[in-house]
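Visitor: Could you take me through one part of this model closely, with the cut-offs behind each term?

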Amino acid sequence: MKKTVLMVALLATMLFGSSVEGWAAKLVARIDVSSQTMTVRYGQAVYRWRVSTARQGYITPRGTYRPQRTARMWYSRKYDMSPMPHSVFYRGGYAIHGTGAVKSLGRPASHGCVRLHPSNAAAFYSMVRQAGFRNTRIVVTN
């Protein structure tokens, strides 16, 4: 009986106590692999940044994700302790993160992660931390 009452209360709160906007992701990052760009929508703000995704022989997984974890600074154990500043991990070891190889942005160059200019990675990292994992959606398409 308690479970039923709690479920009814929860559903009533969801239906009447929040707006439709509250149900949608507040922060959406769309990575377009074919154009090597990432478009970020956060509230009224829209950003469009060049990225580098997987080069030949590697993959950047397609799909819709939520962040799994973040790291202000991460070092890839798989790839010779390569620095990954402002990492937002969205599928296992795949992350959106800053890179020192800014000249490669705009073309495939990574082992599968989504690389950003360090200042853009810091901005996105801050947005994710502010919006929260549940209110963030990451969409990777061709």
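Guide: Leaving aside neighbours within four places in sequence, Cys113 is in contact (heavy atoms within 4.5 Å) with Ser52, Thr53, Ala54, Thr60, Met84, Gly93, Tyr94, Ala95 and His97. This is a predicted model, in which local features need pLDDT of at least 70 and side-chain atom pairs count only at pLDDT 80 or more, while totals for chains, interfaces and linings use all residues. Residues are numbered from 1 along each chain as its sequence is written, and side-chain values use heavy atoms, with hydrogens and water left out.

Cys113 lies in the loop between β7 and β8 (114-116), strands being DSSP runs of E with at least two residues, numbered from the N terminus. With a relative accessible area of 13%, Cys113 is buried, a word that here means under 20% relative accessible area with a 1.4 Å probe and protein chains only.

His97, for its part, is found in strand β7 (residues 94-98) and also counts as buried, at 6% relative accessibility. Under the same exclusion of neighbours within four places in sequence, the contacts of His97 include Met84, Pro85, His86 and Cys113.

The UniProt annotation "active site", from an unreviewed entry, covers His97 and Cys113; such annotations may be inferred rather than shown by experiment, and their positions are given in the numbering used here, with feature names shortened. The two span 17 residues in sequence, yet no two of their C-alpha atoms are more than 7.5 Å apart, so they gather at one spot.

Terms used:
Helices (H or I, at least four residues) and strands (E, at least two) are DSSP runs, numbered from the N terminus. Buried means under 20% relative accessible area, exposed over 50%, partly exposed in between (1.4 Å probe, protein chains only).
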